[in-house]
Amino acid sequence: MNQTFDYIVCGAGSAGCVLANRLSANPGNSVLLLEAGGRDTNPWIHIPVGYYRTMHNPATDWCYVTEPVPGFNDRRIKWPRGKVLGGCSSINGLVYIRGQREDYDHWRQLGNMGWGFDDVLPYFLRSEGQTRDTEPGDDGFHASDGPLVVSDPRVHRPLCDDFIAAAENVGVPRRDDFNGAVQEGVGYFQTTIDRGRRCSTARAFLHPEKRRKNLKVITGAHIEKILFDGRRATGVRFRQGNQVLEAGASGEVILSAGAIGSPQILELSGVGAGQELQALGISCVHDLAGVGENLQDHMQVRSVYKTTRPMTLNNEVHSLFGKAWIGIQYLVGRSGPMAMAASHVSAFTRTTPDVASPDIQFHFQPLSADAPGKGLHPFSAYTSSVTQLRPESRGTVHIQSPVASEYPRIQPNYLSAQRDCDVTVAGLKLSRKICSQPPISAKTASEYLPGLEVDSDTALLEYARQSGETIYHPTSSCVMGTGKDAVVDERLRVHGLDRLRVADASIMPTIVSGNTNAPTIMIGEKAADMILEDN
Ligand SMILES: Cc1cc2nc3c(=O)[nH]c(=O)nc-3n(C[C@H](O)[C@H](O)[C@H](O)COP(=O)(O)OP(=O)(O)OC[C@H]3O[C@@H](n4cnc5c(N)ncnc54)[C@H](O)[C@@H]3O)c2cc1C
């Protein structure tokens with residue numbers, strides 16, 4: 001192709017689509033957006049419940065698998081990542097959560113000026129298309145003009161209401177808005193669903209702008225490396241089918257390939273731990289030891305409770321009439337189970353009063369399965385999964401070959417820090433406590449998983465090691481900061497190199513206390529502003 005653009009955005013995921021939109025808003029800027037996956041034409045992408053079809057599907061998911069995880073009894077874990085326009089926002093669980101004020105204030109305390117909560121709030125608002133009634137300046141936490149639709153669930157199931165009431169009975173306050181002044185509490189999630197259809201970042205930020213002549217989007221384009229002239233990024237090399245192509249960037253190259261893809265591309269390009277790269281036969285452009293280090297993720301451990309009578313989605317999907325009714329609800333009113341996010345209700349709370357803000361999150365689902373994405377159980381049951389919000393365990397992601405198509409080695413190192421073990425066990429106990437409270441206790445027949453016989457701390461931890469899974473939030477493999485492990489500075493420029501930035505979930509200095517899609521979209525918004533200011 002050998003064409004030159006002002007900006008090349010590498011990866012069309014949650015952050016990449018935002019960047020492509022904002023950078024090309026000025027017709028004077030030419031922008032190339034490269035995406036390894038295909039167009040988002042699969043109808044299941046757009047139906048909220050479709051993540052059951054798009055996750056673990058090689059047409060839309062990279063289908064990564066981790067190395068054996070010691071803290072998980074050496075189990076390998078599936079790590080889905082979106083490989084399609086919209087990236088993970090096209091296959092995710094649709095939950096809209098920003099995290100806690102303290103997360104961003106902590107980033108600023110680490111030396112990242114401009115990343116405190118008050119600094120980043122305007123970027124959350126810029127993208128937000130809140131469907132609740134909000135007057136400008138209402139409470140300052142929401143905006144309705146942005147392209148990313150944020151809406152309330154259309155259906156409230158009685159069992160979800162029961163879980164909320166039971167959590168209130170153990171002292172968790174009811175919360176109608178997790179993204180307002182206070183996150184702590186229990187209530188329904190808001191979601192990125194627009195009148196029954198998924199609002200991915202491709203749908204929100206790319207498709208409305210497809211007529212822009214200065215924005216070129218190429219799918220099926222697997223980026224193999226960044227091209228350098230000395231220390232200056234000048235373009236990228238990518239493979240499309242059998243062809244190897246190059247594109248030049250007269251302005252900047254921006255990596256938005258996600259927490260796996262961005263460190264992988266850097267290492268393939270000779271940016272990373274020099275000795276390790278040389279051992280793979282890659283000549284080192286810049287020795288930057290932090291690339292691929294500090295990997296963080298939220299893990300989930302699920303408790304499953306059988307109900308006294310049929311009342312969960314398990315029953316509906318296992319009956320012909322139930323299935324037909326689910327289909328009719330969606331076809332007629334874009335409502336019902338097909339229009340719902342992966343989890344319906346959440347609780348953010350503390351395992352001990354000693355922590356300054358909630359340290360665990362529950363995801364409640366009126367359904368159950370042996371593992372996320374597997375077929376629902378043939379009996380009626382519900383799931384309460386617990387997630388530690390600020391894990392201390394740190395993992396790594398590194399290439400194992402100079403060949404771009406070979407997957408990197410992912411080691412999340414779950415449950416390697418004692419604190420993570422303690423918080424997880426405390427969370428499992430709290431789940432049990434909530435589900436034994438009225439009104440949900442009256443509908444609960446028995447604890448199916450882990451089962452009441454699993455009652456000591458040691459046994460509960462063993463259950464977590466045996467059954468824990470990712471909740472799909474990898475971050476921080478190219479952290480922003482100033483220390484020896486930092487990969488980018490506070491303006492997301494790669495340390496020691498020119499005209500190269502990283503802008504996606506990989507730059508989070510520490511994982512946020514909540515689901516990671518909205519924070520990544522915020523990073524895309526803020527990165528676009530900084531790039532336009534600096535050029
Ligand atoms: C199954 C699942 C459920 C989730 N549920 C939720 C949820 O309910 N709520 C929430 O807030 N978060 C959720 N998340 C997490 C959230 O979606 C992600 O944190 C967020 O989308 C990450 O955005 P990103 O821009 O960093 O990366 P991505 O969205 O992964 O984008 C990276 C893009 O780069 C492309 N790419 C990578 N390498 C290359 C290459 N070499 N060449 C070209 N292109 C490349 C990828 O194909 C991808 O499109 C979920 C994630 C998954 C996978």
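Select helix α5 (residues 117-127) together with α15 in this predicted model. The two helices pack at an angle of about 100°, and their axes lie 8 Å apart. Helix α5 is therefore roughly perpendicular to α15. To display the contact itself, show Val120, Tyr123, Phe124, Arg126 and Ser127 on the α5 side. Their counterparts in α15 are Ala518, Ile521, Met522, Glu525 and Lys526. Coloured by class, the residues of this contact comprise six nonpolar, one polar and three charged.

Which element gives the largest share of the shell? Select α8, which contributes four residues. In total, 45 residues surround the ligand. Colouring the shell by class gives 22 nonpolar, 19 polar and four charged residues.

Now move to strand β19 (residues 345-349). Is this strand enclosed or open? Five of its five residues are buried, so β19 is largely enclosed by the rest of the structure. Show the side chains: Val345, Ala347 and Thr349 point one way from the strand, whereas Ser346 and Phe348 point the other way.

Strand β8 (residues 185-188) runs antiparallel to β19 and is joined to it by four bridges. Within this pairing, select Gly187 and its bridge partner in β19, Ser346. Strand β20 (residues 360-365) is likewise antiparallel to β19, with five bridges joining the two. Here the pair to select is Phe348 and its bridge partner in β20, Gln361.

The last stop is Leu34, in strand β2 (residues 31-34). Is Leu34 buried or exposed? It has 26 C-beta neighbours inside 10 Å and therefore counts as buried, the threshold being 20 or more. Select the residues that Leu34 touches beyond four places away in sequence: Ile8, Cys10, Ile218, Ala221, Ile223, Val236 and Phe238. Finally, draw a distance from the C-alpha atom of Leu34 to that of His222: these atoms are separated by 7.7 Å, although the residues are 188 residues apart along the chain.

Terms used. Residues are numbered from 1 along each chain as its sequence is written. This is a predicted model: local features need pLDDT of at least 70, side-chain atom pairs count only at pLDDT 80 or more; totals for chains, interfaces and linings use all residues. A residue is buried if 20 or more other C-beta atoms lie within 10 Å of its own, exposed if 12 or fewer, and partly exposed in between; C-beta atoms are placed from the backbone. Two strands pair if DSSP finds at least two bridges between them. A residue is near a molecule or strand if its C-beta atom, placed from the backbone, lies within 6 Å of it. Ala, Val, Leu, Ile, Met, Phe, Trp, Tyr, Cys and Pro count as nonpolar, Asp, Glu, Lys and Arg as charged, and the others, Gly among them, as polar. Axes are lines fitted to C-alpha atoms, for helices over the stretch in contact, and angles run from 0 to 180 degrees between N-to-C directions. Angles under 35 degrees count as roughly parallel, over 145 as roughly antiparallel, 65 to 115 as roughly perpendicular and the rest as oblique. Two residues are in contact if their C-beta atoms, placed from the backbone, lie within 7 Å.
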